[in-house]
Amino acid sequence: GEDVCERAFLGLCAQLGRPVIQSTDLQEISARVETAKTPEVLAAKHTLRRGYRNAKDQFLHNDSSIPAARGEGICDILAMFCYRPSAKGGISKMASAVAIHEQLRGQPEVLKAAQQGFKYNAAMVEYHPDWRQPAMGTERPMVFQDRKGRPCVQYAKNMVETISAAYDDPAELEKVTLKLSGLEAVCSDPAVVQYWPLGAGEAYLVDNYRWLHARTDFEDDPKSPRLFFRLWLQM
């Protein structure tokens, strides 16, 4: 059943890294990735904000993106287990940082800006008061290398919102917006996007900063709705 599979996946992944809490509201170690329907989930402060609670198409992204922008990211490895696929759609979308970096080499100005980084101001746009943080005057990169020199990418739509809020000068904001639009276009370029259809009992574990992830929109069978389990692991 669901509980047995969830515990087994948690136990397996715990041999590879330390599972961490994903939600301050629900204190989730293992998150149920499904359309929000239970009273507990619907009442949670973060539910309306987070894309894994609905059936809409997702833009490619990293998890724990805002904390990572502050240098406090908690998800090194993203682990996803398919307990039950949707009736239609819901295909996992993936894009490797290597492919994104290769595309960015053809846009040197965008690459340079992403490597230099941007300022952030989550306090201006974050709807959840508990998550608001003071504006960062220092810049943090969105494209960088890990300790082994491998390309990494840090990107999510909510990161772009916090970046835009940090720039008061219209001329400077226009330049920043142009660079962010270029990065967004590359991250969603069909040339870098892979599709990984997961069936029941299948899973993937990926480096959160070397792979962007998302999924296509989906339709559920009400009698057998889509259900994935997600873990964030620290190495």
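User: Which residue in β10 does K93 stand opposite?
Analyst: K93 stands opposite Y195 in β10. Please keep in mind that this is a predicted model.

User: How many bridges join β5 and β10, and is the pairing parallel or antiparallel?
Analyst: β5, which covers residues 92-96, pairs with β10 over 4 bridges in the antiparallel sense.

User: What is the strand order of the sheet with β5 in it?
Analyst: The order is β10-β5-β12, an open sheet of 3 strands with antiparallel pairing. Its edge strands are β10 (193-196) and β12, each of which pairs on one side only. On average, neighbouring strands are turned by 30 degrees against each other, direction ignored.

User: Which helix packs on that sheet?
Analyst: Helix α4, residues 97-104, does so, touching β5 and β12. The direction of α4 makes about 55 degrees with that of β5.

User: Now a loop. Where is N208 found?
Analyst: N208 is in the loop between β11 (203-207) and β12 (211-215).

User: Is N208 buried or exposed, and why?
Analyst: N208 is buried, because its relative accessible area is 0%, and buried means under 20%. Beyond four places away in sequence, N208 touches several residues, among them N62, D63 and H213.

User: What about E219: which strand is it in?
Analyst: E219 lies in β13, residues 218-219. At 48% relative accessibility, E219 counts as partly exposed.

User: Which residues does E219 contact, leaving aside neighbours within four places in sequence?
Analyst: E219 is in contact with S86, A87 and K88.

Key:
Residues numbered from 1 in each chain as written. Predicted model: local features only at pLDDT ≥ 70, side-chain atom pairs only at ≥ 80, totals over all residues. Heavy atoms only, no water. Helix = DSSP H or I, 4+ residues; strand = E, 2+ residues; numbered from the N terminus. Buried < 20%, exposed > 50% of the residue type's maximum accessible area, 1.4 Å probe, protein only. Contact = heavy atoms within 4.5 Å. Pairing = 2+ DSSP bridges. Axes fitted to C-alpha atoms, helices over the stretch in contact; angles between N-to-C directions.
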